[in-house]
Amino acid sequence: MNNNENFRTWSNFKEEKLDYKSENEKKVISEMAKLVVQIVHRRKSLGLTQAQVAEKAGMTQAQVARLENSSSIPTIETVMKVALALGMSVGLTSLDEQSAALMAHA
């Protein structure tokens, strides 16, 4: 996709989708976007290509690209496969714990 008009980021995707979603759906999109941002940052910090991550995750490079470029909201299975391939884990915390952690780092 060399045409910049077709290149979408999670930020663009969230802006488009948040116009008509319920509050809970907005939160889901926002949390998924946070995960994807962490995944992209980790891949780049490890110096890996999308193709290398895809091979480790048992996926295609196109699937990793779709995850990173927000062509659609990924499944949790896709997120977990890529995260594990990057040596990451996906965990759940309560929103209270997240708020406390953010306050502790402020």
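With which residue does Lys 34 form a salt bridge, and how far apart are the closest N and O atoms? The partner is Glu 31, and the closest N and O atoms are 3.0 Å apart, a salt bridge being a side-chain nitrogen of Lys or Arg within 4 Å of a carboxyl oxygen of Asp or Glu. Before going further, note that this is a predicted model, in which local features need pLDDT of at least 70 and side-chain atom pairs count only at pLDDT 80 or more, while totals for chains, interfaces and linings use all residues. Residues are numbered from 1 along each chain as its sequence is written, and side-chain values use heavy atoms, with hydrogens and water left out.

**The whole chain**

Colour by secondary structure, and the protein shows six helices and zero strands, where helices (H or I, at least four residues) and strands (E, at least two) are DSSP runs numbered from the N terminus. Buried residues make up 25% of the 106 residues; buried means under 20% relative accessible area, exposed over 50%, and partly exposed in between, with a 1.4 Å probe and protein chains only. Among contacts (heavy atoms within 4.5 Å) between residues at least 6 apart in sequence, 56% join residues at least 24 apart.

**Salt bridges**

Return to Lys 34 and Glu 31, which both lie in helix H2, three residues apart, about one turn of the helix. Lys 34 is partly exposed at 43% relative accessible area, and Glu 31 is also partly exposed, at 32%. The structure holds four salt bridges, and another to select is that between Arg 43 and Glu 68, whose side chains meet at 2.6 Å, N to O. This pair links distant parts of the chain, with Arg 43 in helix H2 and Glu 68 in helix H4, 25 residues apart. Arg 43 is buried, with a relative accessible area of 10%, and Glu 68 is buried as well, at 11%. In helix H5, select Glu 77 and Lys 81, which lie four residues apart, about one turn of the helix, and whose side chains meet in a salt bridge of 3.6 Å, N to O.

**Helix H3**

Next select H3 and, within it, the buried residues Gln 50, Val 53, Ala 54 and Ala 57. They cover an arc of only 100° around the axis, which puts them on the same side of H3; the arc is that of the directions from the helix axis to the C-beta atoms. What covers these buried residues includes H2, H4 and H5, whereas the face of H3 turned away from its buried side carries the exposed residues Glu 55 and Lys 56. After H3 comes Gly 58, whose phi is positive, near 70°.

**Helix H4**

Move on to H4, residues 61-69, and pick out its buried residues, Val 64, Ala 65, Leu 67 and Glu 68. Seen down the axis of H4, these fall within an arc of 160°, so they line one face of the helix. Ser 70 follows H4 and has a positive phi, near 55°.

**The nonpolar core**

Which residues touch the most other members of the largest nonpolar core? Of its 17 residues, these are Ile 39, Val 53, Leu 67, Val 82 and Leu 86, where a nonpolar core is a set of buried Ala, Val, Leu, Ile, Met, Phe, Trp, Tyr and Cys residues joined through side-chain atoms within 4.5 Å. Helices H2 (23-45), H3 (50-57), H4 and H5 (76-85) each supply at least two residues of this core. Centre the view on Val 53: leaving aside neighbours within four places in sequence, Val 53 is in contact with Arg 43, Leu 48, Val 64, Val 82, Ala 85 and Leu 86.

**A surface patch**

Finally, select Ile 76, Met 80 and Leu 84, which form a nonpolar patch on the surface with about 280 Å² of accessible area together. Patches are made of residues with over 30% relative accessible area and no salt bridge, like charges being joined within 9 Å and nonpolar side chains (Val, Leu, Ile, Met, Phe, Trp, Tyr) within 5 Å. Met 80 is partly exposed, at 35% relative accessible area, while Leu 84 is exposed, at 58%. The C-alpha atoms of Leu 84 and Val 53, which are 31 residues apart along the chain, are separated by 9.8 Å.

Conventions:
Accessible areas come from the Shrake-Rupley method with a 1.4 Å probe; for residues, only the protein chains shown count as cover.
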